Amino acid sequence: MAKRSVALFLLLTSCGHPGGVMTPVSISSTPPTSRVDMLVATTREPSGSPATLFNGERSSKPHLTQISISIPAKREAGTVQWPKRLPPDPATDFAVTNVQQIDTVAQGRVWFRQHVNGGHALVFIHGFNNTYEDSVFRLAQIVHDSKMQATPVLFTWPSRAEITAYQYDKESTNYSRTALEQALRTLAADPNVKDITVMAHSMGTWLAMESLRQMGIRDGHVNSKIHNVILASPDIDIQVFAKQYVEMGEPRPKFTIFVSQDDKALAVSSFLTGRVSRLGAINPAEEPYRSKLEKAGITAIDLTKVKTNDKLNHGKFAESPEIVQLIGQRLMTGQTLTDSKVTLGQGITAVVGGTVANIGTVAATAVAAPVAIIEQPVTRRRPPRSANETLDGDLKQQTLTQ
């Protein structure tokens with residue numbers, strides 16, 4: 001059964017774009033292109049090649065780089081235009097136009113001051129199976145398509161970008177917890193930063209939650225400049241998330257999660273982790289999740305009915321033009337999702353304050369259970385505990401002794 005699931009996962013995640021796209025190319029004024037400038041912090045090891053910059057191994061020292069990416073004018077929103085050959089053509093492809101290493105915090109502050117956008121900062125943490133360049137281009141696409149008014153900061157951790165390296169990648173997120181916490185603290189200490197949105201995807205949501213929890217344990221609460229946390233397709237055990245959420249202390253940032261019950265990647269993750277439900281695959285309109293989300297003040301947006309070109313249904317938050325604009329134009333600015341100005345076109349529902357709100361064109365209804373990648377039954381030694389039973393205790397602070 002395990003071989004069968006991995007084989008299907010390999011088939012679904014195969015991709016054909018070339019690697020080694022980080023070498024800067026020159027760009028002319030015609031045809032017109034857009035530019036995204038970002039600051040990139042990483043715990044990856046330098047590759048020694050300007051074509052890749054960093055590999056998937058772990059570095060004992062974090063590194064900081066400023067990168068500029070050119071985006072062609074003619075393209076389909078929600079997609080990354082990878083070059084078919086190297087060097088990339090800025091007229092048709094995403095292309096790196098500038099790379100510069102930053103050696104000190106002071107240099108980083110200078111860069112931020114030069115690229116400040118209303119004092120708002122977005123920190124993005126990518127997911128499983130991503131190269132350095134994958135994460136750079138994905139953030140550039142999100143920033144461009146969302147039209148967000150924020151300075152983009154990427155935190156990229158050591159992923160080997162191999163399907164069979166799931167456990168290595170997971171341990172790499174643990175390896176990177178303190179580095180991300182320090183990056184967030186450094187950013188929050190910058191007087192040019194008014195507020196921070198943390199947005200994480202897939203396995204990167206585990207890293208984000210662990211770092212915020214760690215910060216909360218040190219200080220009693222998360223830094224007050226961190227206003228929003230957006231978790232897309234969170235690959236986190238539901239019970240563990242409840243503990244992380246409580247242990248980061250109060251007051252907490254505003255949390256928004258994107259879920260989808262047809263997420264094939266999370267179905268495989270659930271199998272690999274012992275058939276434990278993942279947060280990103282729940283139906284937030286059903287109990288006990290609806291009540292628990294209301295109690296915690298967490299907004300859940302259900303993307304099950306959203307259709308994109310993603311074969312795994314795991315990257316809908318970035319590949320749907322409407323959703324990525326929702327992130328940039330409303331979630332990051334703290335606006336409500338229940339007013340008449342929010343009308344999305346693909347039958348999207350949100351659970352806000354315990355109320356199921358229709359923010360698309362299809363009424364909110366119960367949806368199918370998570371997709372079953374493994375068709376054969378799994379023998380259980382004991383029946384699983386219900387979500388209601390497990391979450392009741394996990395949403396309370398617990399002490400070792402009375």
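I take contact to mean heavy atoms within 4.5 Å. The model I am reading is predicted, so I note that local features need pLDDT of at least 70 and side-chain atom pairs pLDDT 80 or more, while totals for chains, interfaces and linings use all residues. Residues are numbered from 1 along each chain as its sequence is written, and side-chain values use heavy atoms, with hydrogens and water left out.

I looked up Ile196 and found that, leaving aside residues up to four places away in sequence, its contacts include Leu184, Leu187, Ala188 and Ile226.

I then asked which residues have the most contacts inside the largest nonpolar core, a set of buried Ala, Val, Leu, Ile, Met, Phe, Trp, Tyr and Cys residues joined through side-chain atoms within 4.5 Å. They are Ile125, Leu184, Ile196 and Ile226, in a core of 50 residues. Helix H6 (residues 204-219) gives the most to this core, with six residues. Apart from it I noted another core, of 43 residues, Phe94 and Phe317 among them.

Last, I checked helix H3 (residues 132-146) against helix H11 (residues 321-331), which pack at about 70° with axes 8 Å apart, the axes being lines fitted to C-alpha atoms over the stretch in contact and the angles running from 0 to 180 degrees between N-to-C directions. Ile142, Asp145 and Ser146 of H3 meet Val324, Gln325, Gly328 and Gln329 of H11.

Definitions and conventions. Buried means under 20% relative accessible area, exposed over 50%, partly exposed in between (1.4 Å probe, protein chains only). Helices (H or I, at least four residues) and strands (E, at least two) are DSSP runs, numbered from the N terminus.
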